[in-house]
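Have the model open and follow along.

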Amino acid sequence: MSLFDHQLIAVTGKGGVGRTTAACSIALAAAAQGKRVCIAELAGLARVPEVFGLPGRSYAPQRCAPGVDTMSLSALDCLDDFGRKRLKIQALVRLVFHNRLTAAFLDAIPGLQDMQQLGKIRHLIEEYEGDEPPYDLIVLDAPATGHGLTLLDSARSLGEMTRVGPFYEETQHIVRLLSDPDRTAIVVVTLGEELPVNESLELISSLGEDRAQLAAIVANQVRSQPLPDAPPWPKLRDALAASDQTDLVSLADAAQSTWTSQERALARLRTTIGLPIARLPRLPVVDAESLLILAEAAEQLEEP
Ligand SMILES: Nc1ncnc2c1ncn2[C@@H]1O[C@H](COP(=O)(O)OP(=O)(O)O)[C@@H](O)[C@H]1O
Ligand SMILES: [Mg+2]
């Protein structure tokens, strides 16, 4: 099954590795295959609009590229939405949900914020009004915390805390969607360095039974080989080393050794996990235009 045929792709990885950049690249690559895509950010984050040069955060979908929308979800927005759609008591919802008490309530129950946001995503996928679903694919910029894919854990544990009622039903729907490998895929983003690769291996092992959903690994900020192994470089290196250009030789050697450790780290990841790794090149700047280069690289992920 092709990655882009899923309904939800959760892009995860430790902060700073390029999760958001990878999510954008995957969304653009899927849109290039004709999919209608939405990138969802959580917790009110709005890095995606920034990358595409949009004015700012919006809970309502904003068009960021042809075939690609972006939404910035927050637990409060989603709870309000859920209240209106499911509890159908708008005035009460406003009164109860839009105050400090609600924020405290959302905060006090572990997993409730995650559940609200996942509920919105599930709604977009499963309960559209009208004939056609608004999107073929939602790409979720999913935070990785200490214990792996906590979003799914949240839905599970919240389901255990409740028994009946709309919250309980919602958690059950979410758990079913997130644990179905035909509908939900997990993509882990990493960097080609020792430490991030170790962290990715930890993250993957913490997926436990959800490991089946791990569809791909993306190595971001990948460097190309600075100097060819083949002659004439080795000969030129000897000549430079013999002259007074030894500083140049040191720089070249450093670049080469960074690349060599990148390749070693990625090879270790590949053999340990047994999945191909898509490589997103390191760019001078990430913006709407240069993302097209990354999107092209992300098209490698289409192959099952
Ligand atoms: N392939 C890349 N080439 C160059 N810079 C990148 C690349 N990917 C990410 N960056 C930069 O690295 C920083 C972190 O990337 P981001 O996608 O926001 O990471 P995360 O979402 O994991 O925190 C950003 O400033 C981004 O522009
Ligand atoms: Mg991010």
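Predicted model: local features only at pLDDT ≥ 70, side-chain atom pairs only at ≥ 80, totals over all residues.

Start with the largest nonpolar core, which has 38 residues; I39, F52, V68 and L301 are the ones that touch the most other members. If you're wondering who supplies the most to this core, look at helix α1, residues 19–32, which puts in 9 residues.

Now zoom in on I39. Leaving out residues up to four places away in sequence, I39 touches a list of partners including A23, C24 and A27, along with F52, V68 and V139.

Back to α1, and its packing against helix α12 (residues 291–298). The two axes sit 8 Å apart at an angle of about 70°, and because 65 to 115 degrees counts as roughly perpendicular, that's the label α1 and α12 get. On the α1 side, the contact uses T21, C24, S25, I26, L28 and A29, while α12 brings L291, L292, L294, A295 and A298. Sort the residues of this contact and you get 9 nonpolar, 2 polar and no charged.

The other pair is helix α9 (residues 194–206) with helix α11 (residues 246–273). Their axes come within 9 Å and cross at roughly 15°, so α9 runs roughly parallel to α11. The crossing is right-handed. Here E194, V197, N198, L201 and I204 of α9 meet S261, A265, R268, L269, T272 and I273 of α11. This contact splits into 6 nonpolar, 3 polar and 2 charged residues.

Terms used:
Residues numbered from 1 in each chain as written. Chains lettered and ligands numbered in written order. Heavy atoms only, no water. Core = buried A, V, L, I, M, F, W, Y, C linked by side-chain atoms within 4.5 Å. Buried < 20%, exposed > 50% of the residue type's maximum accessible area, 1.4 Å probe, protein only. Helix = DSSP H or I, 4+ residues; strand = E, 2+ residues; numbered from the N terminus. Contact = heavy atoms within 4.5 Å. Axes fitted to C-alpha atoms, helices over the stretch in contact; angles between N-to-C directions. Parallel < 35°, antiparallel > 145°, perpendicular 65-115°, else oblique. Left-handed = near helix turned anticlockwise from the far one by under 90°. Nonpolar A, V, L, I, M, F, W, Y, C, P; charged D, E, K, R; others polar.
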